Amino acid sequence: MSIIFRYLTRQTLITMLAVSGVLLLVFMSGRFIKYLADAAAGELSGDVLFAIMAYRFPGFLELILPLGFFIGILLAYGRMYLESEMTVLFACGVSDRQVLGHTLVAGFVVMLLVGAMSLWITPWGMKNVERIFDEQSQATEFEMLAPGRFQSLESGGRVTYTESLSDDKLRLQRVFIAEYSEEDQSLSLVVAEQGSQFIDDDTGSRFLVLEQGTRFQGLPGELDYDITEFEAYGLKVAESPVVGSEDEEGMSTMALMRADDPELRALLHWRFSLPLIVPVVTLLAVRLSRVNPRQGRFFHLLPAMMIYILYLGLLIVARDALASGTVPEWIGMTWVHLLFLGLGLWLQFGPAWFRKRRLQREGGVRAQA
């Protein structure tokens, strides 16, 4: 039995890892492209992109692992049914319940992994992502400049361009700045050969010191522009205010347990629900993986995926209902798990029970005859 257990576990986990790897690549690539676009627009520094993706990795994995394990069972056991390996196992005395028991042991390991990520690792990662975003929002305009791009900065109606920027972001070459004043509706254009950052020791204010340039100032459409040539021109660099708000996704599980807000309580139920998905979908997948060799390898995937999507969709609906107060907290999301647990038990044991009952009735009728 140990050899059979190792074989079933190896087949399931290898398929799960392959499926999860593909899904991770798809979802993380989409998110990375979004962050890359933010970095190109000057909203994020390119140095933090990989750190953000690393901290968000557990959050992707906690959602993908249950699906990967579900599909892994379907593909691995479906292949074994098609190639008559399951038929050989059953002929050697392995029962359906033993196959289910071995699979649930592997599912228990996956459930512990998902639970660790859902309850501890993912909130820790999201808190670090939140910290990085706060640091980026507090970065000065000077630190967020990207060479070779016109950037509209958040301090006002200012557009900045620099041809090149040193690696330490202390020196700029060939700078262009256009700034619009809301007060007098004037436009100021500054061009300079180079620039550098200066910090006032007394006030801590930052200035962009431009060298060897020209400043044009006036009203758009008018001819009386003031033209000033300068050797050095200081421009104050605004700093973003400190953001002290905390994202609920970054809150620890212990903090959620002490919270009274319905949305936070719903998030707590959601975190506990993610690992519970694994044993339920294991029960479903073992039965749904049974396939007739004449039906094809992927015939059973469509109805199985529809059941999984319905399961996850109802969990999302239950979370929203719990957050809005429509469903009492003592019910929570348990009803969704019980519903699909009942479906899995019926699929696994229902047909055999009905067949046994039918044989008993037929045997009773023949005995009476």
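Where does helix H2 bend, and which proline follows within four residues? In this predicted model, H2 bends by about 40° at Arg-56, and the proline that follows within four residues is Pro-58. Helix H2 spans residues 49-82, and 27 of its 34 residues are buried, so the helix is largely enclosed by the rest of the structure.

**Nonpolar cores**

- The largest nonpolar core holds 70 residues, and those with the most contacts inside it are Phe-70, Tyr-77, Met-86, Leu-284, Leu-288 and Tyr-311.
- Two or more residues of this core come from each of helices H1 (2-40), H2 (49-82), H3 (85-91), H4 (96-137), H5 (253-258), H6 (262-288), H7 (301-324) and H8 (334-368), and H2 gives the most, with 18 residues.
- Once neighbours within four places in sequence are left aside, Leu-288 is in contact with Phe-70, Leu-74, His-300, Ala-304, Ile-307 and Leu-347.

- The structure holds two cavities of 30 Å³ or more, and the second largest cavity has a volume of about 40 Å³.
- Its lining is formed by Tyr-77, Tyr-81, Met-86, Phe-90, Asp-96, Val-99, Val-286, Ser-289 and Arg-290, and the elements that give two or more residues to this lining are H2, H3 and H4.
- By residue class, the lining of the second largest cavity divides into six nonpolar, one polar and two charged residues.
- Tyr-77 and Met-86, which are among the residues with the most contacts inside the largest nonpolar core, also line this cavity.

**The second largest pocket and Leu-63**

- The second largest pocket has a volume of about 310 Å³, and of the 15 residues that line it, the closest to its centre are Gly-59, Glu-62, Leu-63, Thr-122 and Glu-249.
- H2, H4 and H6 are the elements that give two or more residues to the lining of this pocket, and the largest share, five residues, comes from H2.
- The residues of the pocket lining divide into six nonpolar, three polar and six charged.
- Leu-63, which lies in helix H2, has a relative accessibility of 43% and therefore counts as partly exposed.
- Leaving aside neighbours within four places in sequence, Leu-63 is in contact with Trp-270, Leu-274 and Tyr-308.
- Between Leu-63 and Glu-329 there are 266 residues of separation in sequence, and the two are 23 Å apart in space, C-alpha to C-alpha.

**Residues with positive phi**

- Most residues other than glycine have a negative phi, which gives the context for the two residues described next.
- Ser-84, which follows H2, lies in the loop between H2 and H3, and its phi is near 65°, a positive value in a residue other than glycine.
- The relative accessibility of Ser-84 is 34%, so this residue counts as partly exposed.
- Arg-174 is placed in strand S3 (residues 171-180), and its phi is positive, about 55°, although it is not a glycine.
- With a relative accessibility of 43%, Arg-174 likewise counts as partly exposed.

Note on methods
Residues are numbered from 1 along each chain as its sequence is written. This is a predicted model: local features need pLDDT of at least 70, side-chain atom pairs count only at pLDDT 80 or more; totals for chains, interfaces and linings use all residues. Side-chain values use heavy atoms; hydrogens and water are left out. A nonpolar core is a set of buried Ala, Val, Leu, Ile, Met, Phe, Trp, Tyr and Cys residues joined through side-chain atoms within 4.5 Å. Buried means under 20% relative accessible area, exposed over 50%, partly exposed in between (1.4 Å probe, protein chains only). Contact means heavy atoms within 4.5 Å. The bend at a residue is the angle between axes fitted to the seven residues ending there and the seven starting there. On a 1 Å grid over the protein atoms alone, a cavity is a set of points where a 1.4 Å probe fits but cannot get out, and a pocket is an open set with protein on both sides within 12 Å along at least five of seven lines; lining residues have an atom within 4 Å of a point. Grid points are joined across faces, edges and corners, and a volume is the space filled by probe spheres set on the points. Ala, Val, Leu, Ile, Met, Phe, Trp, Tyr, Cys and Pro count as nonpolar, Asp, Glu, Lys and Arg as charged, and the others, Gly among them, as polar.
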